[in-house]
Amino acid sequence: LAVPWRNDAAAQRAVRGGLRPTMRRILAYLPGIPSSFAVETLQVSSRADLALLRAPGLAGLAPPLALRQTPPEPGEEVLVLGYPAGIPALLARTDERFVDELRRGQLDFWQVAAQLAESGRIGPLASRGIVAQVSPSAIVYDAETTPGGSGGPVLSLDGQVIAVTSAIVTEFGGSNLGVPAAQGRLFLAENAMRRLLTSLPG
């Protein structure tokens, strides 16, 4: 989400050709809220597929998800939330009349997203599966997702985040990958230390 060109072959070719990618705009939506929220990128991890984002307007509107302190065990059940396939998947879950109205309006990507939010049609998909493998760098699970689902939480059945969806293996749906919560805790601690050091005088 924060640096989508990292895993985009066409974008990487442009970077090698001398172009410098820049994220100009990120908007966040919450289910049931018709307006969008501006998001800024605070830091991108150089070690894991993680980024720290801030959306001041979201404060107090939704409780934060807790990062679990212990890694999952192979065989443990998990829930994956996200927006796989992005806007097209959201449109597929609407009715034909709504899509026809959007087509007549000739709306761009941002306008379509706004219309989906205003009509209460933004909501994550959930899938359920089990953990297949655990390592310090990745949690492997078979709960289904697809491109566009990256960044979504992988939850234990008690609602704690055990990983963040990072990648899928399209040839084999039983090996979707998430960045472990431990990596997220480390990243947050590093960011807090960096902010503390930059705030010190001298």
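**View 1. Which side chain makes a polar contact with the side chain of T165?** It's the side chain of Y141, at 2.9 Å. A polar contact here is a pair of N or O atoms within 3.5 Å; within protein, one must be able to donate a hydrogen and the other to accept it, and residues adjacent in sequence count only if both atoms are side-chain atoms. A word on the model behind all these views: it is predicted, so local features need pLDDT of at least 70 and side-chain atom pairs count only at pLDDT 80 or more, while totals for chains, interfaces and linings use all residues. Residues are numbered from 1 along each chain as its sequence is written, and side-chain values use heavy atoms, with hydrogens and water left out. T165 sits in strand 9; helices (H or I, at least four residues) and strands (E, at least two) are DSSP runs numbered from the N terminus. T165 is buried, with a relative accessible area of 3%. On that scale, buried means under 20% relative accessible area, exposed over 50%, and partly exposed in between (1.4 Å probe, protein chains only). Setting aside neighbours within four places in sequence, T165 is in contact (heavy atoms within 4.5 Å) with residues including V80, T145, V154 and L177, plus a run from G149 to G152 that takes in S150 and G151.

**View 2. Strand 5 and its two partners.** Strand 5 (residues 77-82) has V78, V80 and G82 on its covered face, with E77, L79 and L81 on the uncovered one. Strand 5 runs antiparallel to strand 6 (residues 125-134), joined by 6 bridges; two strands count as paired if DSSP finds at least two bridges between them. Look for V80 with its bridge partner S127, and for E77 with I130. Strand 5 also pairs with strand 8 (residues 153-156), again in the antiparallel sense, over 3 bridges. There, L79 stands opposite L155.

**View 3. The hairpin from strand 6 to strand 7.** Strand 6 carries on into strand 7 through a hairpin of 4 residues.

**View 4. Helix 5 and what packs over it.** Helix 5 (residues 181-199) has 19 residues and reaches 27 Å from first C-alpha to last, close to the 27 Å expected at 1.5 Å a residue. The expected span is 1.5 Å times one less than the number of residues. Which of its residues are buried? They are A181, Q183, G184, F187 and N191. Seen down the axis of helix 5, the buried residues fall within an arc of 150°, so they line one face of the helix; the arc is that of the directions from the helix axis to the C-beta atoms. The general rule is that an α-helix has 3.6 residues a turn, so residues three or four places apart point the same way. Their cover includes strand 3 (40-44), strand 4 (51-54), strand 9 (161-167) and strand 10 (176-180).

**View 5. The largest nonpolar core.** A nonpolar core is a set of buried Ala, Val, Leu, Ile, Met, Phe, Trp, Tyr and Cys residues joined through side-chain atoms within 4.5 Å. The largest one has 10 residues, among them Y29, I87, F98, L102 and I122. Helix 2 (86-92), helix 3 (96-105) and helix 4 (109-118) are the elements that give two or more residues to this core. Helix 4 gives the most, with 4 residues. Zoom in on L102 and you'll see it touching L91, L107, V112 and Q115, not counting residues up to four places away in sequence. A second, separate core of 9 residues includes V131, A143, V154 and A163.

**View 6. Two positive phi angles in loops.** A85 has a positive phi of about 70° although it is not a glycine. A85 lies in the loop between strand 5 and helix 2, and it is partly exposed at 38% relative accessible area. Q106, likewise not a glycine, has phi near 50°. Q106 is in the loop between helix 3 and helix 4, and at 70% it is exposed.

**View 7. A2, tucked in before helix 1.** A2 lies in the segment before helix 1 (9-16), yet it counts as buried at 8% relative accessibility. A2 and T41 are 39 residues apart in sequence but 6.7 Å apart in space, C-alpha to C-alpha. Leaving out residues up to four places away, A2 touches M23, I26, T41, A51 and L53.
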